[in-house]
Structure formats: C-alpha cells, structure tokens
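Here is a friendly note to read with the model open beside you. The points can be taken in order, and each one stays with one part of the structure.

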Amino acid sequence: MGMSFQTVMSQVMLGLNNGVFYAILSLGLAVIFGLLNIVNFVHGALYMLGAYVALLGFNQLGPLLGRPDFHLNYWAALIVAPLVVGALGVLIEKTMLRRLRKFDHLYGLLLTFGLALIIQGVFTNYFNVSGDAYDGKPEVLSGVVDLGFMLFPRYRVWVIGISLVVCFGTWFVIERTKLGSYLRAGTENPELVKAFGINVPLMITLTYGFGVGLAAFAGVLAAPIYSVSPVMGSEMIITVFAVVVIGGMGSIMGSIVTGLLLGMVEGFTKVVYAPASGTVIFLIMVIVLLVKPAGLFGKEA
Amino acid sequence: MKSLYSSAALSASLLLTTAGFAAPPKDTISDGVVKIGVLTDMSGVYSTLGGKGTQVGVEMAVKDFGGKVLGKPIVVIGADHQNKADIASAKAREWFDNEKVDMITGLLNSGCALAVQKLGGDKKRITMNTGAASTELTNGAWTPYSIHYVYDTYALGKVTGQAVVQTGGKSWFFITADYAFGQSLEGNTSLFVKKLGGKVVGSVRHPLSSADFSSYLLQAQASGAQIIGLANAGGDTINAIKQAKEFGIGQKGQKLVGLLIFDTDIKSLGLNVAQGMQFTSGFYWDRDEATRAFAKRFFAIHKAMPTMDQAGAYSATMNYLKAIKAAGTDDPDAVMAKLKSMDISDFFAVHGKIRVDGRMVHDMYLMEVKKPSDSKGEWDLLKIVKTVSGDEAFMPLSESTCPAVKK
C-alpha cells in the first residue's frame with residue numbers, strides 16, 4: 001500500500017487520539033504505583049465509571065431530581081465525574097487498600113482486580129453491554145476541522161489538546177514543584193518525610209483519589225467518541241498495562257510518552273496490516289521486556 | 001368450509017393429545033426429561049442482540065407449550081460462551097455428556113457455532129442455530145443433526161447487496177470482522193455485487209470488538225468506493241457507524257451499508273444517526289398482529305423488543321417440541337425427520353420449511369431505518385421495504401456443497 005503524506009499524517013492524528021487515552025490512564029497508574037506501590041487493576045472500571053457519571057448525569061439525573069429538563073452538561077461532567085470517582089477512590093483507599101500496605105503488592109493487585117470485576121459485573125447487570133450513546137457533546141465541539149491533509153472532528157482535536165495539558169500539567173506538578181517533591185520523598189522514605197511534619201497517610205489517600213480521578217476524566221472524554229458500555233474499561237486496561245510495562249512502572253514521563261507513541265504505532269498497524277493491530281502492543285512489550293526489563297524509561301532495580 | 005376444516009383439525013389434534021396421554025410408551029423420552037441448552041454470548045459484544053433475551057425466548061416457548069412434552073418435564077438451562085470457541089465446545093460437551101441436554105440453541109458467533117455443531121454431529125444431538133450467520137453451517141460443516149434457523153450471510157449479502165447495487169452503489173469497500181462470520185459475509189456479499197456488475201475495490205479486517213474504527217473508515221474513504229460495507233455485527237457495527245458520522249463519512253457521495261444489523265443496534269445508535277440505512281433481517285417485531293402480540297409479551301419480561309435471534313429461538317424451541325410430540329419420542333433421528341417434513345408456520349415464519357441441508361427457509365425482509373419524525377414510539381425504529389421469499393433469499397441447493405445434497 002502506497003503511503004502518501006496525507007495517509008501518514010492522518011494516521012499520526014488518529015494514533016495521537018488513541019494515544020492520549022493510553023497516556024492519561026497509564027499516567028494515573030504510574031502515579032499510584034509510584035507512591036502506593038499498588039498495581040491498580042480497578043483503573044479500567046473507574047474509567048468506565050467516569051463515562052457513566054457523564055451519561056447518567058445527562059440522561060437520568062434530571063428525572064431523578066424531579067426536574068426532567070435538567071441535564072448535567074458535558075463541561076460540568078468533566079469536573080463532577082473526577083470528583084465523584086476520586087471520592088470513591090478515597091473511600092477504597094481508606095477502607096481497603098490501607099490495610100494491605102504492610103503486605104506484598106500482589107495483595108493490592110488481587111484486591112483491585114476483584115473490585116474491578118464487581119463494579120463491571122454490577123454495571124453489566126443494569127446496562128446495555130453493546131453500549132449507550134452519549135448525546136451531551138457540546139455544540140461548539142461538533143463538526144469537523146480542515147487540517148489541510150484531512151478533515152478531523154473538532155471534538156477529537158479538543159480531546160488531544162486537553163489531554164496533553166492534563167498529562168504535562170501532572171508531570172510538572174510532580175517533578176517540578178514543592179508539593180511534588182513531598183510526594184516523591186514520601187515514596188522514597190515515608191518515615192523521614194513524616195518526621196518533617198507532613199501527613200503522609202493523607203497524602204497517600206489524596207494521591208490515590210487524584211490518580212483514579214484522572215481515569216474518570218478520561219472516561220468523560222471518551223464518552224462522546226466510543227459507546228459508553230460496562231466493558232469499555234476492561235478492554236482498555238489490558239492495553240494500558242502493556243503501555244505501563246513498556247514505559248517502566250512508576251515513571252511519569254515514561255508513561256506519557258509511551259502512551260502517545262504506542263497509540264501511533266497501533267494506528268500505523270491498522271493501515272499496514274489491520275488484523276495485527278490488537279497484538280502489536282503486546283509484541284513490543286515482549287521485546288522490551290527481553291531487551292530492557294525495567295521498561296524504556298524505568299530505573300534499573 | 002373454513003370452520004369445517006378447523007373443527008376437523010381440532011378433533012384430530014384432540015385425538016392425538018388424548019392418544020399421547022393414554023399410552024405414553026416407556027422410554028420415549030430419554031432420561032425422563034427434555035433438556036434445552038441456550039449457549040450464547042451472555043456478556044460480550046453480542047449479548048444485547050442475543051444473550052439473556054434468547055433464553056427468555058426459549059423459556060417463553062416452553063411455558064406456552066405447557067412445560068411438559070409426552071408427559072415429561074422440559075428444562076431450560078443457559079450458559080455464556082464468551083465468544084470463545086474452546087469454552088463453547090467444552091460447555092457443550094459437559095452438557096451432552098453429563099447434563100443430558102437434548103438440544104442446544106442460540107449459538108451466536110460463527111466460530112463458537114461451528115465448534116458446537118461439529119460436537120453435536122459426533123454426539124448425535126440436535127443444534128438449532130438462531131444466532132450465527134456463516135453459511136458454512138449448512139455446507140461443509142453440516143451434520144444430520146444441525147439446523148440453521150434464522151438467517152445466514154448468503155441471504156444478508158444477497159438481499160442487501162442487490163438492493164444497493166440496483167440503486168447505483170457499484171463500487172464497494174469492506175470493513176470486516178476478522179473471523180469466520182465476517183469473512184463469510186464479505187465473501188457472500190462480494191459475490192452478488194460482482195454478479196450484478198459492481199466491483200470490490202478493497203477491504204480491511206479488524207479484530208472482534210474494536211473500540212476505534214476511525215483508521216479503517218479513513219482507509220475506506222480514501223479508496224473512493226461509493227459503498228462502505230460493514231461486514232461485522234453488534235458493538236462493532238455500532239462503533240463504526242457512530243464514528244463514520246463523526247468524521248463526516250457517508251454524508252456526501254459515499255454511503256455506509258451495515259450488512260448485519262439488529263433492532264437493538266439501531267436502538268443504541270439512535271434514529272438520528274442511523275436514519276435511512278437499509279439492511280436485511282429475518283424478523284421484525286412490528287410486522288403484523290401476531291409479531292406484535294409476541295413482542296408485547298416478550299417486552300414485559302425482557303424490557304426490550306425481540307431481535308430476530310431472540311424471536312427465532314422461541315420459534316425453534318416451539319417447533320422442536322412440536323416435533324417431539326408428533327414423533328412420539330425425543331430420539332434425535334426421529335425428531336429431525338419430523339422437523340424436516342413439517343410446515344413451520346407461526347408468528348416468526350410464514351410457511352417456512354427445513355431443507356435437507358438444515359437450512360430453515362422463510363421470508364427475509366429488506367428493512368429501512370425510520371426518520372426520527374416518522375417514529376411513533378421508543379421501539380418504532382424500522383419499516384419493511386420489501387419482503388423477499390425464502391427461496392429467493394437463501395442459497396439454492398444447486399449451489400450447496402452440503403454432503404447431504406444429492407447432485
């Protein structure tokens with residue numbers, strides 16, 4: 001297949017579009033793993049939950065409150081969903097994960113995996129598995145933009161833009177500010193940081209809440225593009241874990257860059273040999289694990 | 001005259017019933033129970049169009065039949081094959097060997113269907129497929145105990161393909177689900193497109209249950225084909241249509257054609273997005289009084305209108321039970337002989353018949369999605385554009401490669 005400039009650029013844009021979702025989700029995982037040492041398997045389910053907060057807020061909340069005309073609009077959902085899911089995260093951390101801190105992180109993985117199955121199971125029971133359409137996409141973001149080489153939906157341009165801002169904003173806070181330095185110090189030596197009078201347990205709880213809030217944010221962004229379905233998270237999370245492994249567990253910048261790159265690799269595979277698009281990321285994971293077991297951006301242990 | 005006939009029929013059936021009750025010969029029903037297994041996608045990408053709803057259809061049929069046949073109870077069990085052929089086949093083996101299951105129905109997903117049907121052939125158990133689409137089921141993979149009840153890729157490709165080519169859609173590009181079903185659907189449709197002077201300019205194959213179709217859609221757009229044919233189903237078709245709309249594909253010049261679409265897909269997409277699309281179906285709930293009456297009862301239980309798979313599962317079960325009663329035994333050979341000789345007439349099929357290759361031949365319908373302004377209710381989604389007789393829609397026996405067809 002001949003690849004014109006136009007084809008290549010279109011695939012770069014589409015790849016970037018999928019890549020920002022990988023980036024934002026793997027970033028949340030990296031932040032959580034970095035500070036809590038927990039492989040957060042419930043991440044995909046909370047991403048799905050974020051999308052459902054947007055969907056139900058738009059369709060159901062009004063009638064529920066006795067005001068059928070009321071819709072939780074898209075912009076509000078972008079703030080409300082991360083807060084709701086973040087609060088749920090805080091609850092999970094305080095009541096369950098906290099008790100497992102002393103044990104091997106296999107236990108955290110099992111607990112979060114179980115939670116993911118429960119949340120997904122409950123939603124599968126009540127909602128349409130093939131997905132419901134989210135109709136709350138704002139007018140300003142509908143239609144297409146002419147990029148010169150292709151017509152690209154305006155909404156997707158927004159998704160790419162805001163996701164990059166959120167990703168690099170998070171990186172900046174953690175790597176370049178005083179608050180971030182507390183966080184990183186808390187990872188290295190919690191006892192010492194405590195001695196400086198910093199409330200480490202609270203910091204850990206809020207970090208977890210923030211990490212899963214990012215997942216919910218991505219869920220709201222995804223709602224108008226993909227169908228909102230109970231399985232949207234489980235389909236996504238496996239790929240995202242591969243991204244985290246390739247990038248290096250716990251590396252903030254690594255997870256962002258790897259997410260974006262792998263989105264594009266996957267995009268190109270869809271043009272070159274589409275049936276392999278589901279496996280290419282795992283192939284890369286195998287190669288990276290063989291050559292550089294700590295991941296592309298990870299520190300050798 | 002008519003009343004004479006009906007009273008004659010009534011007394012004949014009364015006679016049969018009393019005869020059945022009077023002297024139920026021993027061992028007419030193996031293991032003292034007729035067990036029907038619903039094995040299908042209960043949780044994945046196809047579960048809305050089949051899933052629990054298929055089991056609801058089967059259970060309704062059993063209840064309407066009276067819960068007993070030849071004095072022995074009828075039991076329905078269900079399981080999720082997760083769209084994995086190995087799980088489907090392991091479950092079916094367990095059902096046949098340990099659970100005394102006499103007949104398996106549902107069987108969405110051609111990969112799973114082919115595996116279970118082969119096992120049914122080996123074990124001499126009946127499979128009545130209402131969900132899967134591959135024509136292989138009535139050709140190379142035929143067994144003396146297999147029935148393909150609702151639709152197949154040949155009928156879908158022929159009815160939709162012809163309708164589209166005849167209205168000017170001459171060049172096609174396919175977006176195809178990469179497994180037995182998608183390949184079969186693409187192959188069958190291509191055949192009719194070419195036969196009528198159209199051409200296929202390309203195709204792209206995607207893994208089952210993909211979330212993002214934008215790349216495939218852009219490839220289809222770049223091909224310059226007039227028609228983008230979607231040879232996939234369920235959640236995949238929904239995502240493809242939705243994202244095509246987002247990219248403005250299918251609005252000027254190019255047209256999107258879904259080759260296998262279910263009512264529940266249209267419900268999920270919304271009429272705004274789907275309006276005007278044409279596709280082929282084996283059943284529509286709002287066709288006549290009888291379909292509406294069934295649909296209303298089904299809705300009361302399942303909270304959604306029946307798809308062709310779900311309605312077909314009712315009809316298949318009902319006719320299976322009728323055949324057992326008529327044969328006076330649940331012996332698979334005797335039941336199959338009855339099924340293949342009886343007239344299948346109910347709300348689902350009008351004078352359907354099951355051919356020697358296991359194909360249930362009945363009318364197919366070319367459907368069109370209504371405009372939002374024409375829809376009078378939540379489930380008022382489609383109108384029937386054309387009724388195509390079964391003999392015209394399905395593969396004629398002269399083209400069949402089924403070993404049972406004598407040439």
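1. Gln278(B) has Glu368(B) as its bridge partner in β14(B). The two strands involved, β11(B) and β14(B) (residues 364–369), run antiparallel and are joined by 4 bridges. Please keep in mind throughout that this is a predicted model.

2. Now widen the view to the whole of that sheet. It is an open sheet of 3 strands in chain B, ordered β11-β14-β15, and the pairing is antiparallel. Why is one side of β11 and of β15 in chain B left without a neighbour in the sheet? Strands β11 (278–281) and β15 (382–388) of chain B stand at the edges and have a single partner strand each, so one side of each has no neighbour there. From one strand to the next, the twist averages 30 degrees.

3. A helix accompanies this sheet. Helix α5 of chain B, residues 153–166, lies across β11, β14 and β15 of chain B. Its direction is at about 150 degrees to β11(B).

4. Chain B has another open sheet, built from 6 strands in the order β2-β3-β1-β4-β5-β6, with mixed pairing. Which strands form its edges? They are β2 and β6 (146–148) of chain B, each of which pairs on one side only. Helix α12 of chain B (residues 308–327) packs on this sheet and touches β1, β2, β3, β4 and β5 of chain B. The direction of α12 makes about 160 degrees with that of β4(B).

5. With β1(B) (residues 34–40) it pairs in the parallel sense over 4 bridges.

6. Are the two faces of β4(B) covered or open? Side chains in a regular strand alternate between the two faces of the sheet. In β4 of chain B (residues 103–106), Met103(B) and Thr105(B) are on one side, while Ile104(B) and Gly106(B) are on the other. These four residues are all buried, and both faces of the strand are covered.

7. Val75(B) sits in β3 of chain B, residues 72–80. Because 16 other C-beta atoms lie within 10 Å, Val75(B) counts as partly exposed. Leaving aside residues up to four places away in sequence, Val75(B) touches Val33(B) and Lys35(B). Lys35(B) is 40 residues from Val75(B) in sequence, yet their C-alpha atoms are 4.7 Å apart.

8. Two loop residues have backbone angles worth checking. Most residues other than glycine have a negative phi. Leu70(B), though not a glycine, has a positive phi of about 50 degrees. Its place is the loop between β2 (68–69) and β3 of chain B, and it is partly exposed, with 18 other C-beta atoms within 10 Å. Gln82(B), also not a glycine, has a positive phi of about 55 degrees. This residue lies in the loop between β3 and α3 (85–97) of chain B, and its 16 other C-beta atoms within 10 Å make it partly exposed.

9. Turning to chain A, the axes of helix α1 (residues 5–36) and helix α11 (residues 252–272) come within 6 Å of each other and cross at roughly 145 degrees. The crossing of α1(A) and α11(A) is right-handed. Their contact has 16 nonpolar, 11 polar and 1 charged residues.

10. Is Leu106(A) buried or exposed? With 10 other C-beta atoms within 10 Å, Leu106(A) is exposed. It belongs to helix α5 of chain A, residues 105–126.

11. Finally, how do the chains meet? In chain B, 31 residues are in contact with 25 residues of chain A. The elements of chain B that give two or more residues to this side are β8 (199–206), α7 (214–222), α8 (234–246) and α9 (263–269). By class, the chain B side has 10 nonpolar, 16 polar and 5 charged residues.

Note on methods:
Residues are numbered from 1 along each chain as its sequence is written. Chains are lettered from A and ligands numbered from 1 in the order in which they are written. This is a predicted model: local features need pLDDT of at least 70, side-chain atom pairs count only at pLDDT 80 or more; totals for chains, interfaces and linings use all residues. Two residues are in contact if their C-beta atoms, placed from the backbone, lie within 7 Å. Ala, Val, Leu, Ile, Met, Phe, Trp, Tyr, Cys and Pro count as nonpolar, Asp, Glu, Lys and Arg as charged, and the others, Gly among them, as polar. Axes are lines fitted to C-alpha atoms, for helices over the stretch in contact, and angles run from 0 to 180 degrees between N-to-C directions. A crossing is left-handed if the near helix is turned anticlockwise from the far one by less than a right angle, and right-handed if clockwise. A residue is buried if 20 or more other C-beta atoms lie within 10 Å of its own, exposed if 12 or fewer, and partly exposed in between; C-beta atoms are placed from the backbone. Two strands pair if DSSP finds at least two bridges between them.
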